[in-house]
Amino acid sequence: MAHTEPDRQMVQQLTSLDPIIHAPARLALMTYLYVVDSADYVFLMRLTDLTWGNLASHLNKLEEAGYVAIEKEFRNKKPYSMLRLTEAGRLAYRAYKAGLQDILASLPE
Amino acid sequence: MKETDLRTTESKVFRFSIDHGVWDIYLGCLLLAMGLSALFEDLGQGSSSAWFLGLMIPVLIFFYASRKYLIEPRLGKVRFGARRKNSLRVIAGLIGLAVLVGLGMWWASTSLLNVPTPSLLPVILWVVLSLGSFSVAAYLLGFPRLYLYGLFFVAVFTTLELIPTPALRTIPTITAGAVILLIGSLLFARFLRNYPLPVIPDTEETHGPHRA
C-alpha cells in the first residue's frame, strides 16, 4: 500500500531519530545523565534497574557514539569511574527530544 | 518533554539519592541528645554540654561511617549541577543559622541560667528561623516530612523555654527526637533491605563494567 504524503513525512521523522538514544534503556540513561552533573555505574544501575551486564553494554554504545565520557578519579588510592554526558551527548539529547516532540505533536488524538 | 519535566526528573533523582533515612536519624539523635543532656543536668548528673558532646560524637561517627560504608557502596555516587548546589547552600545556611540560635538558646537555658526564664523574643526568633529553614528545605528538596520536623523543632524549643519545671521541660524534646529517630530507623532498614550490596565482578569494581 502506498504511503500518503503525511505518512511518508512521519516515517521520515521517525527514522531520523537518533537510533543510539532511541533504545528505552539508553534513553533513560541519557535522561538521568542529562539532569545530573555525573554519576557512577552503581548509581545508574540503581536508577534504571538494569543488570550490570546490560548497563555495560548500553554505556559502551553511548561511549562509542561520543555521548558519554568516563572520568577516572582516585579514591582511597583506587581508580574510580564517574560518567557524564559530553557536549555532543547533550546536543544529541536535545535534538532527540525536539524530534520526538514533533512526532508526538503530529499524531492524531 | 518540557524543561519542567527535566527538573522534576532531577528532583526525583535527588530525592532518590538522599532518602535513605540517615539524615532523619541524625536529626532525631540531635534532638534526643539535647533533651537527654538537659535532663541529666536537671537531675544533677553533670554538665549538659559534656553530655551533649558525649552523646553526639558517636552519632556523628555513625553518620559519616554509614554514608561511606553502607550507603555509597549500595547506592553509588552522584554529583548534581550548579542549580542544586546553590539550593543546598541556601538550605545549609538557613539550617546552620537556626541551629546556632537554637543551641545558643538551649545553652543559655540549661547552662547559664539554671532555671529558664520565659522570654518571648528568642522564642519568636526560633519559631521563625526553624519553621522558615525547614519549610524552605522541604520545598527545595521535595521532602514533605521536613514540614513536620520543622513543627517538632518549634514545639521543642518553645516548650524548653516556656515550661518552668526542669524535669518536664525536656519531655517534648526527647519525645520528638525519639519519633524522628524511629522514622529514620524504619527508612534506613527499608533502604538496607531494598538495596543490598551489588554483585560486581572483582576486576570491575572500581573501573566500571567495561573497564576491566
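This report walks through the interface of chain A and chain B in a predicted model.

## Size of the interface

Interface size is often quoted as the accessible area lost when the parts come together. Here chain A and chain B bury about 2,800 Å² between them, and carbon and sulfur atoms account for 61% of that. On the chain A side, the residues that lose the most area to chain B are Phe43(A), Arg46(A) and Trp52(A); together they make up 25% of what that side buries.

Counted by residue, the contact draws 32 from chain A and 33 from chain B.

## What chain A brings

Helices H3 (24-35), H4 (41-48), H5 (52-64) and H6 (87-106) of chain A each supply at least two residues to the side that touches chain B, and so do strands E1 (38-39), E2 (68-75) and E3 (78-85) of chain A. H4(A) gives the most, with 6 residues.

Sorted by class, that side of chain A has 17 nonpolar, 6 polar and 9 charged residues.

## Polar links

Polar contacts do turn up, though: 5 residue pairs across the interface, with both residues at pLDDT 80 or more.

## Strands that cross over

The two chains also share some strand pairing. E1(A) pairs with strand E1 (residues 78-79) of chain B in the antiparallel sense, over 2 bridges. Within that pairing, Ala39(A) has Val78(B) of E1(B) as its bridge partner.

Terms used:
Residues are numbered from 1 along each chain as its sequence is written. Chains are lettered from A and ligands numbered from 1 in the order in which they are written. This is a predicted model: local features need pLDDT of at least 70, side-chain atom pairs count only at pLDDT 80 or more; totals for chains, interfaces and linings use all residues. Side-chain values use heavy atoms; hydrogens and water are left out. Contact means heavy atoms within 4.5 Å. Buried area is the accessible area (1.4 Å probe) that two parts lose on being put together, summed over both. A polar contact is a pair of N or O atoms within 3.5 Å; within protein, one must be able to donate a hydrogen and the other to accept it, and residues adjacent in sequence count only if both atoms are side-chain atoms. Helices (H or I, at least four residues) and strands (E, at least two) are DSSP runs, numbered from the N terminus. Ala, Val, Leu, Ile, Met, Phe, Trp, Tyr, Cys and Pro count as nonpolar, Asp, Glu, Lys and Arg as charged, and the others, Gly among them, as polar. Two strands pair if DSSP finds at least two bridges between them.
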